[in-house]
Amino acid sequence: NAGVTQTPKFQVLKTGQSMTLQCAQDMNHNSMYWYRQDPGMGLRLIYYSASEGTTDKGEVPNGYNVSRLNKREFSLRLESAAPSQTSVYFCASSGRGGNQPQHFGDGTRLSIL
Amino acid sequence: GENVEQHPSTLSVQEGDSAVIKCTYSDSASNYFPWYKQELGKRPQLIIDIRSNVGEKKDQRIAVTLNKTAKHFSLHITETQPEDSAVYFCAATRPDNYGQNFVFGPGTRLSVLP
C-alpha cells in the first residue's frame, strides 16, 4: 500500500522552464491537495480538488495550474518557473468530508536557478 | 475564516521530561483537530487527532486535550525521547469543509536534549 506517491523527488529547473509535478494516491480518497513548504516555514495551500472534476485555488495559486486527471491523480504545473517557486512541494489526499485526516506524499524538492 | 495560532514556536526539553504545545482556533464550528509530526527532510505524518465530541485522547506517550469553550487544544508528549525531535503542526477544520484545506498552525520545533 503506497499511499500518496509523488514524482519526481528532486528537480532543478532554469528560470522560465516549465514542468509538471505528478501525484497519485491509492486510498480511494475523494480530495487531493498541493502545498508548498519553504525552509523553516509551515504549509501553504496552492490548489485543492474536493472531488474528481473539480479544482479550487488555495492561499498561493499564482504561477501554478492543476489538473485532476482522475480520482487517483492530481498534477501541478509550473508554466514559467521563477526562483521564488523554489520550495518543497507536498501532495496530500483525504477522504470525503472536512473531518478526515490528510495523508501526505514524500514531497518534491524543486530548485529554480 | 478560521485562524490557528500555535505556541511556542520553539521548545527545548531534557530527555525524559514532558512537552506541551498549545493551539488556539477562531471558528467555533471547527470540529476536527489533527496533529502532524514532520522530521527533518520528511513528510508531515499524522500522529494523533481529536474530534470535538471528546475532550481527551491518548496514544501511548502522546495525548491531545480539547477545550471547546476556550477554543484551544494541546499536544502532550510524556517521557520525551531524542526521536521526538521534530516540527509539530496542529490544524483545525469544519465538518462542512468538503475537500477544503485544513488551517494549519505555523509549527513548533521541538528539540529533545539527551
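1. Conventions. Residues are numbered from 1 along each chain as its sequence is written, and chains are lettered from A and ligands numbered from 1 in the order in which they are written. In this predicted model local features need pLDDT of at least 70, side-chain atom pairs count only at pLDDT 80 or more, and totals for chains, interfaces and linings use all residues, while side-chain values use heavy atoms, with hydrogens and water left out.

2. The largest core. A nonpolar core is a set of buried Ala, Val, Leu, Ile, Met, Phe, Trp, Tyr and Cys residues joined through side-chain atoms within 4.5 Å. Buried stands for under 20% relative accessible area, exposed for over 50%, and partly exposed for the range in between (1.4 Å probe, protein chains only). The largest such core has 23 residues, and Trp35(B), Phe73(B) and Leu110(B) touch the most other members. Strands contributing at least two residues each include S3 (19-25), S4 (32-38), S8 (72-77) and S9 (86-92) of chain B. Helices (H or I, at least four residues) and strands (E, at least two) are DSSP runs, numbered from the N terminus.

3. Phe73(B) and the second core. Contact is taken as heavy atoms within 4.5 Å. Apart from neighbours within four places in sequence, the contacts of Phe73(B) include Ile21(B), Phe33(B), Trp35(B), Leu66(B) and both Cys23(B) and Cys90(B). A second, separate core holds 20 residues, among them Leu13(A), Val60(A), Phe74(A) and Leu78(A). In soluble globular proteins, nonpolar side chains tend to be buried together.

4. Aromatic pairs. Rings of Phe, Tyr and Trp (its six-membered ring) pair if their centres lie within 6.5 Å; planes under 30 degrees apart count as stacked, over 60 as edge-to-face and the rest as tilted. Over all chains there are 12 aromatic pairs.

5. A sheet in chain A. Two strands pair if DSSP finds at least two bridges between them. Chain A has an open sheet of 4 strands in the order S1-S3-S8-S7, with antiparallel pairing. Strands S1 (4-7) and S7 (64-68) stand at the edges with a single partner strand each, so one side of each has no neighbour in the sheet. S1(A) and S3(A) (residues 19-25) are joined by 4 bridges, and Gln6(A) stands opposite Cys23(A).

6. Disulfides. The structure has 2 disulfides over all chains, a disulfide being a pair of cysteine sulfur atoms within 2.5 Å. In chain A, the sulfur atoms of Cys23(A) and Cys91(A) are 1.9 Å apart, and the link is left-handed, with -75° about the S-S bond. Cys23(A) is in strand S3 and Cys91(A) in strand S9 (residues 87-94), so the pair ties together parts 68 residues apart in sequence. Cys23(A) is buried at 3% relative accessibility, and Cys91(A) at 0%.

7. The chain B disulfide. Cys23(B) is joined to Cys90(B), S to S 1.9 Å. The torsion about this S-S bond is about -100°, so the disulfide is left-handed. Cys23(B) lies in strand S3 and Cys90(B) in strand S9 of chain B, so parts 67 residues apart in sequence are tied together. Cys23(B) is buried at 0% relative accessibility, and Cys90(B) is buried at 0%.

8. Backbone points to check. Most residues other than glycine have a negative phi, and most peptide bonds are trans. The bond from Thr7(A) to Pro8(A) is cis, with omega near -5°, and Pro8(A) sits in the loop between S1 and S2 (10-13) of chain A. In chain B, the bond from His7(B) to Pro8(B) is cis, with omega near -5°. Lys71(B) has a positive phi near 60°; this residue is in the loop between S7 and S8 of chain B and is partly exposed at 26%. Glu79(B) has a positive phi of about 45°, lies in the loop between S8 and S9 of chain B, and is exposed at 53%.
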